[in-house]
Amino acid sequence: MGYRQFKRVFTNYVGMSPKEYYRVVRFQRALYLLQNHPGMEFVDLAYSCGFYDSSHLVKDFKEFTGCSPTQYLSSRSPYSTFFSEDCRLNVIKSHSRA
């Protein structure tokens, strides 16, 4: 199966493209890490979730929540069960920083 066919089938079953799904998964992982490691630096958080750098994390954060990570964290606590210990969807591996 080629990529275009895979994308069509994936989008048909999941309701979003593989790239959009990956962005949601990364954001969920960021919320989970913030929830379990509240003092984590944004740079470390970004690399742990597979972002190129912290500015890309902030961009996605703003798109999903409508505010910056700092504004979000000052107004509410992050909460995500997507990456709980028993979740089999925990597919993002931590990237080691060079």
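This is a predicted model: local features need pLDDT of at least 70, side-chain atom pairs count only at pLDDT 80 or more; totals for chains, interfaces and linings use all residues.

Biologist: How many helices and strands does the protein have?

Modeller: There are five helices and zero strands, and the pattern along the sequence is α-α-α-α-α. Helices (H or I, at least four residues) and strands (E, at least two) are DSSP runs, numbered from the N terminus.

Biologist: How do you know that the length of α2 agrees with its number of residues?

Modeller: The expected span of a helix is 1.5 Å times one less than its number of residues. α2 has 19 residues, so it should span 27 Å, and its end C-alpha atoms are 27 Å apart, which agrees.

Biologist: Why are α2 and α4 called roughly perpendicular?

Modeller: Their axes are lines fitted to C-alpha atoms, for helices over the stretch in contact, and angles run from 0 to 180 degrees between N-to-C directions. Angles under 35 degrees count as roughly parallel, over 145 as roughly antiparallel, 65 to 115 as roughly perpendicular and the rest as oblique. α2 and α4 pack at about 95°, with axes 11 Å apart. These two helices are therefore roughly perpendicular to each other. Residues making the contact (heavy atoms within 4.5 Å) include Phe27 and Ala30 of α2 and Leu57 and Phe61 of α4.

Biologist: Why does tyrosine 21 count as partly exposed?

Modeller: Buried means under 20% relative accessible area, exposed over 50%, and partly exposed in between (1.4 Å probe, protein chains only). Tyrosine 21, in helix α2, has 28% relative accessibility, so this residue counts as partly exposed. Buried residues of α2 include Phe27, Ala30 and Leu33, and what covers the buried residues of this helix includes α1, α3, α4 and α5.

Biologist: What makes a nonpolar core?

Modeller: It is a set of buried Ala, Val, Leu, Ile, Met, Phe, Trp, Tyr and Cys residues joined through side-chain atoms within 4.5 Å. The largest one here has 14 residues, of which Leu45, Cys49, Leu57 and Phe61 touch the most other members. Its largest share, six residues, comes from α2. Leucine 45 touches Ala30, Leu33, Leu34, Met40 and Leu57, not counting residues up to four places away in sequence.

Definitions and conventions:
Residues are numbered from 1 along each chain as its sequence is written. Side-chain values use heavy atoms; hydrogens and water are left out.
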